[in-house]
Amino acid sequence: MNSISKFKNKVIIAIFCGGLATVFGLNLILPDKAFSESENRILSGSPTFSMEKLKNGDFGRAVDEYISDQFIGRDAWIGVKWYVDQVVGRKETNGIYVANIDTQSGHYKGLIPKLEVTSLNKNMDRNIAAVSGLANNMDIPVYVALIPTAAEIWEENLPYGAPNQDQEKMISQIYDKILTSTDKATGGTNIDVYTILNQRKDEDIYYRTDHHWTVDGALYGYKAIMGAIDVPMIDIPESELIYVQNKEAGAALFAGTSQSKTGARDIDLDRIKFWTGTKAQVFVDKGKGLEPWDMYDQQAVEKKDKYEFFLGGNYPLVLTKYTKAPSKEKIIVIKDSFANSMIPFLGNTFAEVHVIDPRFNKKSISEYARENGIDKIVIMYGVQNFISDSNIATLR
């Protein structure tokens, strides 16, 4: 090898090492991001060390999650990985399947998240115990409604041979465990949301680029819940369900959380439908007491995460009041973000709906229910969050 070739190699090595050093240095210097707007989720913070966490592996997992979440240029790298995965023919990217989705409205290229079960054994049993404990501690009915993901209802649209969990069986097992450990004398029950969604699987009941159900899906869920808790449904005419418009007076298209996780660029975007007939008052408590709020956040139409259109996102407590509601009862809805698009329906059905998100609200549910004269409690979660979210275990 001549001196010129050696010099070129040294320059290439120097540039490569310099690039690595720059990336490493920027990761150390730049402040951590608390929230990813593109992925619509809280990012992992700096892990805390303890010998117990080191022994059981929690610390190592926390370090991996921290590095992955805080790595500089994360969104750009996700996009690069998407294109590489497409070129080599992978069926999934970052836990998201690329799917050909067929519904009554047409044929689309979309994204369907697979059910992640890595935290299943640790968190699911804790959450079941917490829900059962809350029900046993209450003298009012406590209902549980678990919402299957698109991977279950739209299983026929998944890539051929794609591994997929049996969520119908999983929900049934969870419900059985809750039943066997709960005193049902107060009248609560487990709510079957699965059946009505499965019957309507040829409709647009889930978004194509986001993990949530659509307003149509939420409306079917509302019907299932009302039937289970024996409360008459309000009338929601099809003519009052319209698409959100952006500033240009066109249908607001958006790419949701699944698109953000994959960096996908060549997929069919979503539209958000909403109900125009709501009359309920809305209040929110962000930690400093209740203040007037809106059922729909028009500013979210111009944001990346347009699902925030419903209630403006997730908060410790949202309260709806409607004096002319057909039911004079007050209910608590303990929920994840799946419930947000159903709150307009519930808020116009009941005199008061107290919407509590355990991720941000650690107050005692039983004490709150007694202090506010609550008549019923509905625990509403997507299956993915119910088996993995450690915050549910704090219910009491």
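View 1. Strands here are DSSP runs of E with at least two residues, helices are runs of H or I with at least four residues, and both are numbered from the N terminus. Strand E12 (residues 281–285) pairs with E13 in the antiparallel sense over 4 bridges; two strands count as paired if DSSP finds at least two bridges between them. Please keep in mind that this is a predicted model, in which local features need pLDDT of at least 70, side-chain atom pairs count only at pLDDT 80 or more, and totals for chains, interfaces and linings use all residues. Residues are numbered from 1 along each chain as its sequence is written, and side-chain values use heavy atoms, with hydrogens and water left out.

**View 2. An open sheet is formed by 8 strands**. Follow the strands in the order E7-E6-E17-E15-E16-E14-E12-E13, and you will find mixed pairing. Strand E7 (190–191) and E13 stand at the edges; each has a single partner strand, so one side of each is left without a neighbour in the sheet. Helix H7 (residues 167–180) packs on the sheet, where it touches strand E6 (142–147) and E7. The direction of H7 makes about 165° with that of E6, with axes fitted as lines to C-alpha atoms, for helices over the stretch in contact, and angles running from 0 to 180 degrees between N-to-C directions.

**View 3. Trp213 belongs to the largest nonpolar core, which has 102 residues**. Such a core is a set of buried Ala, Val, Leu, Ile, Met, Phe, Trp, Tyr and Cys residues joined through side-chain atoms within 4.5 Å. Buried means under 20% relative accessible area, exposed means over 50%, and partly exposed lies in between (1.4 Å probe, protein chains only). Leu197, Trp213, Leu346, Ile377 and Met380 touch the most other members. Helix H9 gives the most to this core, with 9 residues. Leaving aside neighbours within four places in sequence, Trp213 is in contact (heavy atoms within 4.5 Å) with residues including Ile147, Leu197, Tyr307 and Phe338.

**View 4. Lys273 joins Asp216 and Glu238 in one network of salt bridges**. A salt bridge is a side-chain nitrogen of Lys or Arg within 4 Å of a carboxyl oxygen of Asp or Glu. Asp216 and Lys273 form one, with their closest N and O atoms 3.2 Å apart. This pair links distant parts of the chain, with Asp216 in helix H9 and Lys273 in strand E11 (residues 273–275), 57 residues apart. Both Asp216 and Lys273 are buried. Between Lys273 and Glu238, the closest N and O atoms are 4.0 Å apart. Glu238 lies in the loop between H9 and E8, so this pair ties together parts that are 35 residues apart in sequence. Glu238 is exposed, with a relative accessible area of 55%.

**View 5. Lys376 and Glu329 meet through their side chains in a salt bridge (2.7 Å, N to O)**. Lys376 is in strand E17 (residues 376–382) and Glu329 in strand E15 (residues 327–335), so the pair ties together parts that are 47 residues apart in sequence. Lys376 counts as buried at 9% relative accessibility, while Glu329 is partly exposed at 22%.

**View 6. Asp230 has a phi near 60°, a positive value in a residue other than glycine**. You can find Asp230 in the loop between helix H9 (215–229) and strand E8 (241–243). Asp230 is exposed, with a relative accessible area of 68%.
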